[in-house]
Amino acid sequence: MVSRRIFTKSFFASLMACGVDVSLLPGIAQQSPMGGSSTGAAQKAVYDAEHRPITAGGFVKSGPMVFQDITKGTGLDTWMHVMGTRQKKFIIDVAGSGVGLIDYDNDGWLDIYLVNGSTYEAMEGKAPPPRAALFHNNRDGTFTDIAEQAGVLNERWGFGVVVADFDNDGWPDLYVTNFGKNRLYRNNHNGTFTDVAEQAGVTLDNWSTGATWGDIDGDGRLDLFVPGYIHYDLRNPPIPESKAVSYSSCNYRGVQTMCGPRGLKGEPDHLFHNNGDGTFTDVSVKAGVSDPNGYYGFTGVFADFSDDGKPDLAVADDSTPNYFYVNKGNGTFEDASFASGFALNEEGRETASMGLAVGDYDNDGRLDIAVTDFSDDYYLLYHNDGQANFTDVSYQTGIAAPTIPFLGWGIAFIDYDNDGWKDLMMVNGHVYPQVDQQEWGMTYAERPLLFHNQKGQKFDLVPAVEGTGLADVIPGRGAAFGDLFNEGRIDVVINVIDQHPVLLRNVCENGNHWVKFRLIGGSRSPRDAVGAKMFVTANGIRQRCDVLSGGSYLSSSDQRLHFGLGSAATLEDVEVHWPSGAVEKLRVPQPDRIYTVEEGKGITGELKPASRKS
């Protein structure tokens, strides 16, 4: 029995008011002498009836088919992800890369951008560098890689991607984070992109991760936040008793592994203000979000958690406390990480946070947060109690216990069955290949997890039926979620480390209705409406969705807002809160459509899915 040490928000707030650095308290952000990543104690192994580790087992013979793996034959299986050594000797080998869903040609269909990693030989110029892919959606279930002609190959050691229209020209752009210089690919409106990162001033030069865009000061232009992970030196990799690591041994559960992140130097976070002329100014320190503690940042998301019309900032940090910044409205942020309750879990411990999901799971009108974690610890669900105060409800809602054996990355709130309640999906895979040789109930390749939302009260784990997408056993990393086939269902694209990507098509058929909106901002809002929030009422249930840029893990999902409606054939109330502050009510004629909404003009376009009857 592990005793729990409970620290309250008021306890942290009082200490901080007295000038205490709470990150130095026992059990908080302390560096392990072994360099392992887990922040929880070793847990009992879990096996299924056939003595398979639960991370690669627990399948059932029959049940609901939610996702079908349709990768083969789509074209996606022609591309391979590559990262570091197969033995995963160093921490830079294991993080994987992200996925971006982007309608780069504005044809109304989502295309797929896949970030690639690299190798030591390629970085030294001794081998061709791995390339990123941009798969054009052919609208027939297949995709064609046009990355070379589009000019977005990257050919650097890539990690993350985030989609946004940073220059408000009506065409989505790509920001790609790397080990080394980052890229800002500006859309040229003709199927090609130009890397303008150098002249824009947003390259940076070490290890950047899951970036996010948001209009922090209400000027109608999107600003850019870029988390930093570890300050890494390829010439001096972190090995025991080296310049980078003072430890005599790096291990997990007593088995020798690669070192880090604990004990390694963290890389700062950066916030770039959009000057409106194609350039950006680094305002990280002035804004108060530069990460002076040197935490290991993985995924950031701008969203209005406090519901005051200004985007706040949440950052998932690996093996260190998470950051939560409240937007003060004057270009600066208040660090409310500990006072908000988001920095730690309910036991008062930091977690190895990788992926971050944002959504209103209980339909109370407030944005909640879910976070993936390392094995031997549980994944987290933070309920927003109001005014951006969060409570860890992971155990109460049924999320915690089933996730403990898993190691999670990509994550999202998705209403996979269109019943009006956002469900929760996680993509998993271990970092240590050595776990396959141990009796720990863990595997390097792991299956995804899908939790069904029981009307905001609890979540039930959806069974992994043999032969379906939920039974895929893969070393997953980044994941993006969106309606790739314009049929009113959320699909999943997974970037799998050292393998081809996986496309899980949502095949859940239950007759439930849905509606989707593409928002276009006016002159005082970002053109792609990032930061807008929308409320839809049907069957007496009021749902909220926000236009976000970034999240999951190193990834960028469909920015169209999707609402499941259950049996409702009519929408009682529809309301858009634009980033400009304007509030607009809409009359939506019928469900099962994709509507385009322009600020101040109402509905200006409608798409009826060909595969649906109404």
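**View 1. Trp409, a buried residue of strand S25**. With a relative accessibility of 2%, Trp409 counts as buried, a term used for residues under 20% relative accessible area, whereas exposed is over 50% and partly exposed lies in between (1.4 Å probe, protein chains only). This is a predicted model, in which local features need pLDDT of at least 70 and side-chain atom pairs count only at pLDDT 80 or more, while totals for chains, interfaces and linings use all residues. Residues are numbered from 1 along each chain as its sequence is written, and side-chain values use heavy atoms, with hydrogens and water left out. Trp409 belongs to strand S25, residues 408-414, where strands (E, at least two residues) are DSSP runs numbered from the N terminus. The Trp409 side chain comes to 2.7 Å from the backbone oxygen of Gly429, and the C-alpha atom of Trp409 lies 6.9 Å from that of Met426, 17 residues apart along the chain.

**View 2. The largest cavity and its lining**. A cavity is a set of points, on a 1 Å grid over the protein atoms alone, where a 1.4 Å probe fits but cannot get out, and its lining residues have an atom within 4 Å of a point. Three cavities of 30 Å³ or more are counted, and the largest has a volume of about 590 Å³, volume being the space filled by probe spheres set on the points. Of the 36 residues that line the largest cavity, Val358, Phe413, Asp546, Leu548 and Asp558 lie nearest its centre. At least two lining residues come from each of S21 (356-359), S25, S29 (476-482), S34 (541-546) and S35 (561-566). The lining comprises 16 nonpolar, twelve polar and eight charged residues, with Asp, Glu, Lys and Arg counted as charged, Ala, Val, Leu, Ile, Met, Phe, Trp, Tyr, Cys and Pro as nonpolar, and the others, Gly among them, as polar.

**View 3. The buried salt bridge between Asp483 and Lys516**. A salt bridge is a side-chain nitrogen of Lys or Arg within 4 Å of a carboxyl oxygen of Asp or Glu, and the structure holds 33 of them. In the pair Asp483 and Lys516, the closest N and O atoms are 3.6 Å apart. This pair links distant parts of the chain, with Asp483 in the loop between S29 and S30 (491-496) and Lys516 in S32 (residues 513-520), 33 residues apart. Asp483 and Lys516 are both buried.

**View 4. Further salt bridges**. Arg489 and Glu487, both buried, pair with their closest N and O atoms 3.0 Å apart. A network of salt bridges links Asp304, Asp307, Lys533, Arg544 and Asp546.

How values were computed. Helices (H or I, at least four residues) and strands (E, at least two) are DSSP runs, numbered from the N terminus. A polar contact is a pair of N or O atoms within 3.5 Å; within protein, one must be able to donate a hydrogen and the other to accept it, and residues adjacent in sequence count only if both atoms are side-chain atoms. On a 1 Å grid over the protein atoms alone, a cavity is a set of points where a 1.4 Å probe fits but cannot get out, and a pocket is an open set with protein on both sides within 12 Å along at least five of seven lines; lining residues have an atom within 4 Å of a point.
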